[in-house]
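Subject: Structure handover

Hello,

Here is the structure for you to look over. My notes on it follow below.

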Amino acid sequence: MRLILAVVLLLVPVCLSAQEKAGKANPFAAPKNLKILTGDTPDQLRTTMRAFTAALGQQCVFCHVQGDFASDDNPKKETARMMLMMARDINSKFPDGKRHVSCYTCHRGMTEPAMEPPAAPAQ
């Protein structure tokens, strides 16, 4: 599991760099259509999106439309927005003001969170 996470974290910058070199627009240069992460700078947005790719074990196009990251045509993008609001709501209820849950808390590198612990190994 850690190996997969490490590979994902290493591949994201490579993919982003390859997109920029191929002449495609950098989706972080001038963010558009932000509804939840409205106060984030391009650097904060990049960090957040990298965390999403690691938490879900997916690439950007899992939620975004290839070549048009601002598009809302992929319904998974709206689901992601709802999940962000859920995490914000949960975190807002802790009196210390710290972040206690994130996408990774439940997803652990999978698109669907596990609903129960894995089966115990056979003896």
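A salt bridge here is a side-chain nitrogen of Lys or Arg within 4 Å of a carboxyl oxygen of Asp or Glu. By that rule, a search of the whole structure finds 6 salt bridges. Please keep in mind that this is a predicted model.

Overall layout

The protein chain has 4 helices and 0 strands. Along the sequence the pattern reads α-α-α-α. The chain has 123 residues, and 24% of them count as buried. Take the contacts with a separation of 6 or more: residues 24 or more positions apart account for 50% of them.

Salt bridges

D43 pairs with R46, and the closest N and O atoms are 3.0 Å apart. Both residues sit in helix α2, 3 residues apart, or about one turn of the helix. D43 has a relative accessible area of 53%, so it counts as exposed.

R81 and E78 form another salt bridge, at 3.3 Å from N to O. They are both in helix α3, again 3 residues apart and about one turn of the helix. R81 is buried, at 9% relative accessibility. E78 is partly exposed, at 39%.

D89 and K93 meet in a salt bridge at 3.1 Å, N to O. D89 is partly exposed, with 38% relative accessibility. K93 is exposed, at 61%. Salt bridges that share partners also link K35, D72, K77, E78 and R81 into one network.

Nonpolar groups

Which residues make up the largest nonpolar core? There are 6 residues in it: I36, L37, L45, M49, F52 and L84. Helix α2 (residues 42–56) gives the most to this core, with 3 residues.

On the surface, M83, M86, I90 and F94 form a nonpolar patch. Together they have about 310 Å² of accessible area. I90 belongs to helix α3, which covers residues 75–92. Its relative accessible area is 34%, so I90 is partly exposed.

Loops and backbone

Where is N74? N74 is in the loop between α2 and α3. Is N74 buried or exposed? N74 counts as buried because its relative accessibility is 15%, and the cut-off for buried is under 20%. A polar atom of the N74 side chain lies 2.9 Å from the backbone nitrogen of K76. Leaving aside neighbours within four places in sequence, N74 is in contact with V61, F62, C63, H64 and V65.

Two residues to check for phi come next. Most residues other than glycine have a negative phi. N33 is not a glycine, yet it has a positive phi of about 60°. N33 lies in the loop between α1 (2–21) and α2. It is partly exposed, at 28% relative accessibility. R108 is not a glycine either, and its positive phi is about 50°. R108 is in the segment after α4 (103–107). At 44% relative accessibility, R108 is partly exposed.

R50 is in helix α2. With 28% relative accessibility, R50 is partly exposed.

Best regards

How values were computed. Residues are numbered from 1 along each chain as its sequence is written. This is a predicted model: local features need pLDDT of at least 70, side-chain atom pairs count only at pLDDT 80 or more; totals for chains, interfaces and linings use all residues. Side-chain values use heavy atoms; hydrogens and water are left out. Patches are made of residues with over 30% relative accessible area and no salt bridge: like charges are joined within 9 Å, nonpolar side chains (Val, Leu, Ile, Met, Phe, Trp, Tyr) within 5 Å. Accessible areas come from the Shrake-Rupley method with a 1.4 Å probe; for residues, only the protein chains shown count as cover. Helices (H or I, at least four residues) and strands (E, at least two) are DSSP runs, numbered from the N terminus. Buried means under 20% relative accessible area, exposed over 50%, partly exposed in between (1.4 Å probe, protein chains only). A nonpolar core is a set of buried Ala, Val, Leu, Ile, Met, Phe, Trp, Tyr and Cys residues joined through side-chain atoms within 4.5 Å. A polar contact is a pair of N or O atoms within 3.5 Å; within protein, one must be able to donate a hydrogen and the other to accept it, and residues adjacent in sequence count only if both atoms are side-chain atoms. Contact means heavy atoms within 4.5 Å.
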